[in-house]
Each structure stands twice: as structure tokens, then as C-alpha cells.
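Me: I would like to talk through the salt bridges and helix packing of a protein chain with you. Could you show me the structure?

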Amino acid sequence: MEYREIGKTGMKVTNISFGASSLGGVFHSLKEEDGIDAVYAAIDNGINFIDVSPYYGHQRAEIVLGKALKEINRNWFYISTKIGRYGKNGINYWDYSSGKAKDSVYESMERLHVDYIDLINVHDIEFADLEQICYETLPALTELRREGVVKHVGITNLNLRHFRYVIEHVPAGTVESVLSFCHYTLNDDSLTDYLDYFESKGVGVINASPYSMGLLTERGIPDWHPAPDALKRLSRKAIAHCRSKGVSIEQLAITFSVNNPRIATTLFSSACPENVVKTIHYANKLLDTELLKEIQALFEPGFRDTWVNT
């Protein structure tokens, strides 16, 4: 395993890490015992960073993860969770108020069976009033940081432009990391446009969803996937081309995503222990640069043509 520090946090994490969204049944149906075993497989094979959210499965992911974490030495992992995005009785809702942010942290700790959170993130700030994030939500989290309830504070978002806005409007050091998803993948590397800026601010970078929420997988995307039809067609071509070369699109996606030393870690999610082990194996393979060029050429008509204006 290769270890990289998240910004200036002191957290040296594995370059491939475990995202627990699958434990909430977000992408496919879940057998709880398989999800717990998937966590064990991640830890047993060297992963030391786990990310989750109360939103995933409307608390289910945190509950299942917590059952696994009870049996794991607390010194073996960093835990990251989020505030701001939730769900109840099948209904999604958002609440970025300071009171809810603090309450949510304590509720997450209870579900996860931990007495502190290593990294707390404001979840998907594109759904929020950015002024509220800067002047209410983040100050509440930095207060918890001063108290030692959380160790570090970050923000997550799909729209890359929002990261810069928030970082510029809060005191230096408030935001210690950003979590970006679907913007450092085989079909979209727009996260690289912002790496110089993040480094200049001492902000660490976490990449998520190297499979672009299932777009770059043999299994295929969920029905709700927002990619345009043209991008889906290009993805099917890329999947077939990799297969013709005897390499899975998943392997290439992972080796590409973990290969950038300026990105601290890349999160993937699976509730299948065998897939967890396989993904870690992919992360330790050398990047096939020739195949990468061929796949990027296939994506050229729609490269960076994702479902959000970055």
C-alpha cells in the first residue's frame, strides 16, 4: 500500500480507500453480513481510511459500518462522515444549520460506535446556500474541532467551482480537505485544473467514484444515473475495448485514479468482500499507459462532457 497525507492534516492514508455508500444499498441490494465482511476485507488488506454519510441508505450505511467497526481496533482506521444531507421515511432532505450539524456529528458517532470523528465533511454543498456554509455550518464544525469531537474539517461537492468559493470566504485553515467525485476518472479529469489551487491553500484532495457511479463498469449503471446518453454510449465502447485487450474497465479505472500522487486517496465502494480484495489488487498494478491513451481517445468526443458544469 502507498500512503499519502491528506493536505496538512497529518492523516497518512492509503491511496485507495473504502467508501461505505454501498452499505446503505445505494447502488444495489445489500446483504448486511456481506457488507460487514466487506469492511473487514478492506481493513485486513491494508486500507486505513473509510468514508460514510448518514445520507447513504438514510442512516443504514452508518449503522452497518458501525457494526463492523465495533470489532476493529480504533487505531487501525480513520473515519470520515458528513453532515448536511439526510433522509427519513424514504424522503431526502437537507439541513445545513449549525444546530443540526452538531447534533448530526454526535448521532453519527453513536451509530458508528466511535468517540470522535477523524474527518467531518459538509456534504454536497451544491445543494446549499454557500453563504450559510461559510458563515454558519463551517463555524459550527470548527467549534467541534476545537473541542476535539472532530479532528479535521472538509467539504464535498460535485461542482468544482464551489470549492474555490467556500475556501476563499472562510478563514485560512477552516477547510482542510475537499472530496470531489466523478472528476478524476477515465472520462473526466477536470479535477486536475484545481490541484494547484488546492495545494496553494494547503487543502488535501480526496477523489471519489473512480467508476463514475457505475458508468465505467461491466455491471452497468443504475437506472437513476444522470449521464447523458452520448456519454453512456462512449462508455459502452470503452468497456468493450478494454475487454478486447483482456483488461477490465474497472482495473484501468482504478489504476488510473490512484496513479496521481497529488491526490491523497481514491474512494471506491463495494458491499462484496471479493470485489473489495479485487479492487485493492487493481490499485497495486502498474498503469497501462498505452491502453489509457486508447480509452481516452474513445472518450474524446465526450471527454469531460459530464452531467454538471464544473
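Me: Happy to start with a crossing: which hand does the crossing of α1 and α9 have?
Reply: A word on the source: this is a predicted model, where local features need pLDDT of at least 70, side-chain atom pairs count only at pLDDT 80 or more, and totals for chains, interfaces and linings use all residues. Residues are numbered from 1 along each chain as its sequence is written, and side-chain values use heavy atoms, with hydrogens and water left out. Helices (H or I, at least four residues) and strands (E, at least two) are DSSP runs numbered from the N terminus. A crossing is left-handed if the near helix is turned anticlockwise from the far one by less than a right angle, and right-handed if clockwise; for α1 and α9 the crossing is right-handed.

Me: Which residues of α9 make the contact with α1?
Reply: Contact here means heavy atoms within 4.5 Å. On the α1 side the contact is made by Asp-34, Asp-37, Ala-38, Ala-41 and Ala-42. Facing them from α9 are Pro-273, Val-276, Val-277 and Ile-280.

Me: Are α1 and α9 roughly parallel or roughly antiparallel?
Reply: Axes are lines fitted to C-alpha atoms, for helices over the stretch in contact, and angles run from 0 to 180 degrees between N-to-C directions. The axes of α1 (residues 32-44) and α9 (residues 273-283) come within 8 Å and cross at roughly 25 degrees. Angles under 35 degrees count as roughly parallel, over 145 as roughly antiparallel, 65 to 115 as roughly perpendicular and the rest as oblique. The two helices α1 and α9 are therefore roughly parallel.

Me: What do the buried residues of α9 pack against?
Reply: Buried means under 20% relative accessible area, exposed over 50%, and partly exposed in between (1.4 Å probe, protein chains only). In α9, the buried residues are Pro-273, Val-276, Thr-279, Ile-280, Tyr-282 and Ala-283. They pack against β3 (16-19), α1, α8 and β12.

Me: Why is α8 largely enclosed by the rest of the structure?
Reply: The buried residues of α8 pack against β3, β11 (204-208), α7 (229-244), β12, α9 and α10. Among those buried are Glu-250, Leu-252 and Phe-256. The helix α8 is largely enclosed because its buried residues number 9 of the 9.

Me: Turning to charges, how many salt bridges are there?
Reply: A salt bridge is a side-chain nitrogen of Lys or Arg within 4 Å of a carboxyl oxygen of Asp or Glu. By this rule, the salt bridges number 16.

Me: How far apart are the closest N and O atoms of Lys-293 and Glu-290?
Reply: Both residues lie in helix α10 (residues 289-299), 3 residues apart, about one turn of the helix. Lys-293 is exposed at 53% relative accessibility, whereas Glu-290 is partly exposed at 47%. In the salt bridge of Lys-293 with Glu-290, the closest N and O atoms are apart by 3.8 Å.
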